[in-house]
Amino acid sequence: MDFEALVKHISTMQSTLQAQAAHAVNLALTARNWLMGCYIVEFEQNGEDRAAYGEQLLKKLEQRLNVKGLNERRFREFRRLYLVYPQLKEPIAQYILAGSEIRHTLSAEFTDPIRHTVSAELQSVNNQPSEWNTQADRLFERLPYSHLKFISKIENPVKRAFYEMEAIRGCWSARELERQINSLYYERSGLSKNKEALSALVQRQAMPLQPKDIINTPVTLEFLGLNDRALVTENDLEQSILDNLQHFLLEMGHGFCFEARQKRILIDGDYFFADLVFYHRILKCHVIVELKIDKFRHEYASQLNLYLNYFKAEVMQPDDNPPVGILLCTEKGDTLVKYATAGLDPNIFVQKYMIELPTEEEIKKFISTANY
């Protein structure tokens with residue numbers, strides 16, 4: 001074995017086992033969500049005290065469990081997953097029975113609903129033509145929950161099968177799947193005279209799925225009990241800049257009151273994160289600070305405008321003034337800023353910042369005192 005072979009072996013092992021770990025997490029997440037949907041439907045149909053909860057069942061369940069990430073909206077997603085994909089029953093049952101710890105933890109009381117519950121709704125789903133049902137084990141093994149969540153919203157079984165097939169074949173990321181659905185790929189394929197050529201073009205341009213795409217999502221982070229900042233902090237440089245920026249604004253005073261860091265915003269089922277949120281007690285308005293570790297791009301202004309509109313509609317109090325947005329970038333072109341912000345909220349301000357590097361004397365001192 002030479003050095004190049006050593007590099008190749010280690011690199012292959014790293015990528016393979018990383019993908020395997022991400023895949024294992026995804027299987028557990030999909031199984032959990034489908035099972036929760038199964039339990040909910042079972043209770044709605046046969047629960048002894050179901051009448052006492054009625055339409056408030058999911059809300060009451062959220063309040064009673066009090067688990068981060070398990071809320072009424074998610075429970076509706078899980079129920080839909082179960083109703084749309086009853087064929088996942090077999091691979092999920094095998095997955096559960098294959099794990100000794102899971103098998104001993106989940107008693108027959110919990111596994112019986114999987115084996116025996118077949119509601120009228122499920123019967124109607126099962127009566128769909130079999131050619132439109134993707135093989136159950138392929139769905140479970142090849143499509144992460146982030147994908148199934150999007151596809152399960154599609155009512156047309158043919159359209160649903162189309163996106164299942166294309167996502168599996170192209171190994172799409174969830175963002176790519178969403179983009180293709182929003183760009184009407186199914187409808188464009190129906191109108192195209194050369195469907196194979198269109199499919200080949202889409203697959204060449206598609207963003208492939210990476211292990212980090214499975215792990216680095218709010219749902220997965222909540223499932224694993226990890227901190228939200230693991231999702232939004234890309235590297236130590238950004239973290240360091242944010243730390244110093246927060247300290248600077250707090251020291252600056254003049255009415256800045258710190259409210260939140262990496263403020264999570266939920267819009268139409270998608271999470272967004274505002275870097276820093278302040279309230280200015282003199283101006284009586286929120287100040288949203290977005291920090292970018294590269295030069296200004298037009299989409300950054302649009303993103304900040306989205307946050308301002310959200311705060312106006314959902315956060316701002318009657319006696320508050322409209323929020324202010326500050327966008328900090330390493331570089332900015334005045335003309336691009338002018339065109340990108342024209343027509344947006346007038347309270348958006350784009351500024352350039354510089355990172356203060358240590359002096360040469362400080363570096364020399366650090367080297368001379370460092371222990372190797």
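Rings of Phe, Tyr and Trp, the last by its six-membered ring, are taken to pair if their centres lie within 6.5 Å. On that basis, the structure holds ten aromatic pairs. The model is predicted. Its chain has 20 helices and five strands, and 40% of its 372 residues count as buried.

**Aromatic pairs and charges over rings**

- Y95 and F140 form one of the aromatic pairs, with 5.7 Å from centre to centre and 70 degrees between the planes. The pair is edge-to-face, because planes over 60 degrees apart are counted in that class.
- This pair links distant parts of the chain, since Y95 belongs to helix α4 (residues 89-98) and F140 to helix α8 (residues 136-142), 45 residues apart.
- The two partners can be described by their accessibility. Y95 has 24% relative accessibility and therefore counts as partly exposed, while F140, with a relative accessible area of 2%, is buried.
- A cluster is formed by F162, Y163, W172, Y185 and Y186, which are linked by ring pairs.
- Two lysines lie over aromatic rings: K149 is over the face of F150, at 5.4 Å from the ring centre, and the charged end of K292 sits over the ring of Y300, 4.8 Å from its centre.

**Nonpolar cores**

- The largest nonpolar core comprises 40 residues, of which W34, Y85, L88, I92, Y163 and L177 touch the most other members. Helix α1 gives the most to this core, with eight residues.
- A second, separate core has 18 residues, including A274, I288, C329 and V350.
- I92 is in contact with T30, A31, W34, L35 and F140, when neighbours within four places in sequence are left aside.

- T30 is located in helix α1, which spans residues 3-46.
- The relative accessibility of T30 is 0%, so this residue counts as buried.
- Beyond the neighbours within four places in sequence, T30 is in contact with L81, I92, F140, P144, Y145 and L148. Among these contacts is F140, which is also the ring partner of Y95.

- Strand β1 (residues 256-267) and β2 are paired in the antiparallel sense, over ten bridges. In this pairing, F256 stands opposite H280 in β2.
- The hairpin of β1 and β2 has two residues between the strands, and D268 in the turn has a positive phi of about 50 degrees.
- Strand β2 (residues 270-280) is mostly covered, with nine of its eleven residues buried.
- On β2, five bridges provide the join to strand β3 (residues 285-291), and these two strands run antiparallel. Here H280 stands opposite C285 in β3.
- A hairpin is also formed by β2 and β3, with four residues between them; K284 in the turn has a positive phi of about 55 degrees.

**The chain as a whole**

- Among contacts between residues at least 6 apart in sequence, 64% join residues at least 24 apart.
- The accessible surface of the chain comes to about 22,300 Å², and 54% of this surface belongs to carbon and sulfur atoms.

Key:
Residues numbered from 1 in each chain as written. Predicted model: local features only at pLDDT ≥ 70, side-chain atom pairs only at ≥ 80, totals over all residues. Heavy atoms only, no water. Buried < 20%, exposed > 50% of the residue type's maximum accessible area, 1.4 Å probe, protein only. Contact = heavy atoms within 4.5 Å. Core = buried A, V, L, I, M, F, W, Y, C linked by side-chain atoms within 4.5 Å. Pairing = 2+ DSSP bridges. Phe/Tyr/Trp six-rings, centres within 6.5 Å; stacked < 30°, edge-to-face > 60°. Lys NZ or Arg CZ within 6 Å of the ring centre and 35° of its normal. Areas by Shrake-Rupley, 256 points an atom, 1.4 Å probe, with all protein chains shown as cover.
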